[in-house]
Amino acid sequence: MHADSIVRSHTKDLISRVIAKLQSLSHATEPRVLAVMLNKQYQEFYLNIVGTAVISAFFLLSVEGATNNGFVWLWCVAQWSLEIFHFFQCRAFLRTPRDERDYSLWYRNAIVVMFLSGLLWGLAPFAFFTITDELNAVVITGTAALILAGGLALVHLPGGYIAFGIVAMSLLAVAAFSLSSDWHLIAYMGITGLVIMVKFSLNTNRSVAESISLRFKNADLVDELELANEAKSKFLATASHDLRQPLQALSLLTTAVTDQGHADTAILSSMQRSVENLNTLFNSILDISKLDAGVIKASPQVTRLSVLLDYVYEQFEELANQKGLDYQVACEPETWVETDPVLTQRILLNLVDNAFNNTDSGSIHITAARASSNIIVTVADTGHGIAQRDFEKIFAEFYQLDNQRSQRKKGMGLGLSIVKRLSELQDHQI
């Protein structure tokens, strides 16, 4: 790599780190917060551009001998060129559709322009010093006032005043120190004013960023409440069907037994399945209610995992035989884990139950394998599968895939939600 390429790379990396630090100091690290702040700031930049052009022209025309001085003209041309560039930059930003804007790039561009603008204002006294010493006081104090006022105009640009003000006020202080000792007090006052203004600008940036962030959080909360309300509505709509079905079945079967005067084995089996369905539904509702109320607490203890898995295996062994599935469990007998055995057993039961509900043929395998200091328990089936876009959705309450009446299995979409919440309660990963 050539030396100039290395320098460019290091410079780009340094600029990126500085800009990231400014963004962090201003509490505008959230992309959507930065987007709102930049949208507002770029709209206000037009007024800054006009103001800067007018003030620099006023300096040129009002200072005696300025129009005959090459340094003053050089400063003015540089200032106007920067403002013209800034004007077209702002116009390009505002004309770019919002969803196509790279806000990180536009933020970097704005910071760089503010730095260059501050550099030019800091060099203003050096350009005008060559005219007459009597103008030093006017140039230095006037420029300092403009720089301090610039902090108010950069309220929506995170760290904008730091990039603009520090270099400018530092150069003004150097200019004041280069004069007689009478000017040193002005230099110290300028440095003090810089510190105060940096603190003020950061506080203002943070207040703006936090207010925007709070607005987004409120909007997110409203969306979450609407989704929760929609989920509860769906629950009420489906729960009535799910709970009514086994109850109606029990009623009809009880009537049949009464009419016949004896208990038929098939009828008793149907009644038993209806009771089991009701039990599953009510247990799920109770579990969710207890989790919402925070009354379920984890009590971890050293537990023999193979015992839990063998119990889970036995609960579904008969069902596996009925469906003709290859149903296996694999776990070393002396596999010990630190977990709440009751909660973990419920997690495993729900996962395996979910596998059986969605597997009509093939296999269901439960395995436990060591990975470093952890144990990974896997429930693998040859069921319908889950699309990647649904990976997060399946853990939401009352959410079910293929939720048509003819396809739905028993339950209300609470099983995997319970699995996730019981896992989080124990700091286990799904």
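Apart from its neighbours within four places in sequence, T339 is in contact (heavy atoms within 4.5 Å) with S299, P300, Q301, T303, T344, Q426 and H428. The model is predicted: local features need pLDDT of at least 70, side-chain atom pairs count only at pLDDT 80 or more, and totals for chains, interfaces and linings use all residues. Residues are numbered from 1 along each chain as its sequence is written, and side-chain values use heavy atoms, with hydrogens and water left out.

T339 lies in strand β3, residues 336-339; strands (E, at least two residues) and helices (H or I, at least four) are DSSP runs numbered from the N terminus. With a relative accessibility of 3%, T339 counts as buried, a term for under 20% relative accessible area (1.4 Å probe, protein chains only). Its C-alpha atom is 9.5 Å from that of D427, although 88 residues separate T339 and D427 along the chain.

The chain as a whole has 11 helices and 5 strands. Of its 430 residues, 37% are buried. Among contacts with a separation of 6 or more, 74% join residues 24 or more positions apart.

Two of the helices pack together: α4 (residues 103-128) and α6 (residues 160-177), with axes 7 Å apart and at an angle of about 15°. The two helices are therefore roughly parallel, the word for angles under 35 degrees. On the α4 side the contact includes I111, M114, F115 and W121, and on the α6 side F164, V167, L171 and L172. The residues of this contact divide into 16 nonpolar, 4 polar and no charged.

How values were computed
Buried < 20%, exposed > 50% of the residue type's maximum accessible area, 1.4 Å probe, protein only. Axes fitted to C-alpha atoms, helices over the stretch in contact; angles between N-to-C directions. Parallel < 35°, antiparallel > 145°, perpendicular 65-115°, else oblique. Nonpolar A, V, L, I, M, F, W, Y, C, P; charged D, E, K, R; others polar.
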